[in-house]
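Q: Could you walk me through this structure, one feature at a time? I'd like to know how to read each term as we go.

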Amino acid sequence: MVLSLLKRPSFWAALVSLIAYCDKEALHGYWVYDDSGSVARNPVVTGEVPIDNAFTRDYWGTPMVEVTSHKSFRPITTLTFRLNWWLAQYFGWMETSTKLAN
């Protein structure tokens, strides 16, 4: 029964619609969980430091050489956040688009 349900396009359409409905309010709200640190307050993402710092800073934007760094090295993720941040500023969709992509 479950397997036949998973094969129905209407099931997937309903699931995506439900998720989109539940998440639509979050697109216009505050940054939540780790979003504020990994996106909104990360100097690599916001452009406060040169883009090549994505390779010398951790996921949160702290220089890897600092004792307070988590040493969570994710430069590709940070660079995609930076691209999305730039596009959002350029086109004027700031928080909604960065939250949607995040």
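A: With neighbours within four places in sequence left aside, Asn42 touches Gly37, Asp58, Tyr59, Trp60, Gly61 and Thr78. Two ground rules: this is a predicted model, where local features need pLDDT of at least 70 and side-chain atom pairs count only at pLDDT 80 or more, while totals for chains, interfaces and linings use all residues. Residues are numbered from 1 along each chain as its sequence is written, and side-chain values use heavy atoms, with hydrogens and water left out.

Q: Is Asn42 buried or exposed?
A: Buried means under 20% relative accessible area, exposed over 50%, and partly exposed in between, using a 1.4 Å probe and protein chains only. Asn42 counts as buried because its relative accessibility is 0%. Arg41 lies in that loop between α3 and α4 too, but it counts as exposed, at 61%. For the chain as a whole, 31% of the 102 residues count as buried.

Q: What does the side chain of Asn42 reach?
A: The backbone oxygen of Tyr59, at 2.9 Å. Tyr59 has its own list of contacts beyond four places in sequence, including Asp34, Ser38, Asn42, Thr78 and Phe81.

Q: Which residues make up the largest nonpolar core?
A: A nonpolar core is a set of buried Ala, Val, Leu, Ile, Met, Phe, Trp, Tyr and Cys residues joined through side-chain atoms within 4.5 Å. The largest one here has five residues: Val39, Val45, Tyr59, Phe81 and Trp85.

Q: How do I read contacts by separation in sequence?
A: Take pairs at least 6 apart in sequence: 39% of those contacts in the chain join residues at least 24 apart.

Q: What about phi of Lys71?
A: Most residues other than glycine have a negative phi. Lys71 has a positive one, near 65 degrees. You'll find Lys71 in the loop between α4 and α5 (75-91), where it is partly exposed because its relative accessibility is 45%. Thr56 belongs to the loop between α4 and α5 as well, and it is partly exposed, at 43%. C-alpha to C-alpha, Thr56 and Lys71 are 10.0 Å apart in space and 15 residues apart in sequence. Thr56 is in contact with Pro63 and Met64, once neighbours within four places are set aside.

Q: Where is Trp12, and how accessible is Trp12?
A: Trp12 lies in helix α2 and counts as partly exposed, at 40% relative accessibility.

Conventions: A polar contact is a pair of N or O atoms within 3.5 Å; within protein, one must be able to donate a hydrogen and the other to accept it, and residues adjacent in sequence count only if both atoms are side-chain atoms. Contact means heavy atoms within 4.5 Å. Helices (H or I, at least four residues) and strands (E, at least two) are DSSP runs, numbered from the N terminus.
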